[in-house]
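Reader: I have a structure to read and would like to go through it by question and answer. Please show it first.

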Amino acid sequence: MNTILLFALCTAVNVILSTIKSILTVKGGKLSASFINALTYGFYSYVIVLTSADGMPIWLKMAITAVCNFIGVYLVKWIEEKARKDKLWKVELTVPTKYTNTIDFDLHDVPHSYIELSDKHTLFNFYCATQKESAKVKAIANQYEAKYFVAESKNLE
């Protein structure tokens with residue numbers, strides 16, 4: 001029983017570290033990505049030893065690994081989502097001109113401008129500072145079957 005608990009605990013830790021590694025490799029800097037990569041691969045060698053140890057059937061190891069992966073990845077992604085900072089997003093929305101006044105009214109509280117390109121199309125530029133504003137614009141885009149383009153504002157370096 002101790003071997004099963006140790007394997008489950010180490011597998012869960014390994015999954016969490018690996019998920020964090022994936023996120024930091026893409027979004028982190030060189031130092032943080034290098035550190036988590038070294039930590040993850042170092043710890044993984046211990047998990048391999050536990051995986052090859054006798055004392056529990058392979059189907060149990062597979063089941064523990066699958067459950068730990070599902071829960072661990074879900075947990076890390078949930079925490080990442082909750083910790084995500086709001087960023088400024090520019091959403092360009094092209095809609096039929098007949099909906100211009102309705103969209104302008106419905107989204108009056110989201111900073112925007114618009115240009116009537118022709119009798120058929122209007123181009124809106126929305127500046128969403130929060131996830132809530134982005135969700136409102138997306139809902140309107142879907143409601144009016146608008147074509148849209150989204151860009152995240154970034155610091156120029």
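Reader: Which element of the protein chain has the lowest confidence, and which the highest?
Author: The model is predicted, and its protein chain has a mean pLDDT of 91, with 97% of its residues at 70 or more. By element, confidence in the protein chain is lowest in E4, with a mean of 88, and highest, at 96, in strand E2 (residues 112–116).

Reader: How many residues lie between E2 and E3 in their hairpin?
Author: E2 and E3 pair in the antiparallel sense, over five bridges. One of the paired residues is His 112, whose bridge partner in E3 is Phe 126. The hairpin that E2 and E3 form has between them four residues.

Reader: How many bridges join E1 to E3?
Author: E1 and E3 run antiparallel. Lys 90 has as its bridge partner in E3 the residue Tyr 127. The number of bridges joining E1 to E3 is eight.

Reader: Is Thr 122 buried or exposed?
Author: Thr 122 belongs to strand E3, where six of the eight residues are buried. The cut-off for buried is under 20% relative accessible area. Thr 122 has a relative accessibility of 0%, so it counts as buried.

Reader: Which side chain makes a polar contact of 2.8 Å with the side chain of Thr 122?
Author: Leaving aside neighbours within four places in sequence, the residues in contact with Thr 122 include Leu 93, Tyr 114 and Leu 117. A polar contact of 3.2 Å joins the side chain of Thr 122 to that of Thr 97. The polar contact of 2.8 Å is with the side chain of Thr 100.

Reader: What span should helix H5 have, at 1.5 Å a residue?
Author: Helix H5 covers residues 131–143, which makes 13 residues. The expected span is 1.5 Å times one less than the number of residues.

Reader: What arc do the buried residues of H5 cover around the axis?
Author: The buried residues of H5 are Glu 133, Val 137, Ile 140 and Ala 141. They lie on the same side of H5, because their arc around the axis is only 105 degrees.

Reader: Which exposed residues does the face of H5 turned away from its buried side carry?
Author: The buried residues of H5 pack against strand E1 (89–96), helix H4 (100–106), strand E3 (121–128) and strand E4 (147–152). The face turned away from the buried side of H5 carries the exposed residues Lys 132 and Gln 143.

How values were computed:
Residues numbered from 1 in each chain as written. Predicted model: local features only at pLDDT ≥ 70, side-chain atom pairs only at ≥ 80, totals over all residues. Heavy atoms only, no water. Helix = DSSP H or I, 4+ residues; strand = E, 2+ residues; numbered from the N terminus. Buried < 20%, exposed > 50% of the residue type's maximum accessible area, 1.4 Å probe, protein only. Arc of directions from axis to C-beta. Contact = heavy atoms within 4.5 Å. Polar contact = N/O pair within 3.5 Å; in protein donor to acceptor, adjacent residues only side chain to side chain. pLDDT = per-residue confidence, 0-100. Pairing = 2+ DSSP bridges.
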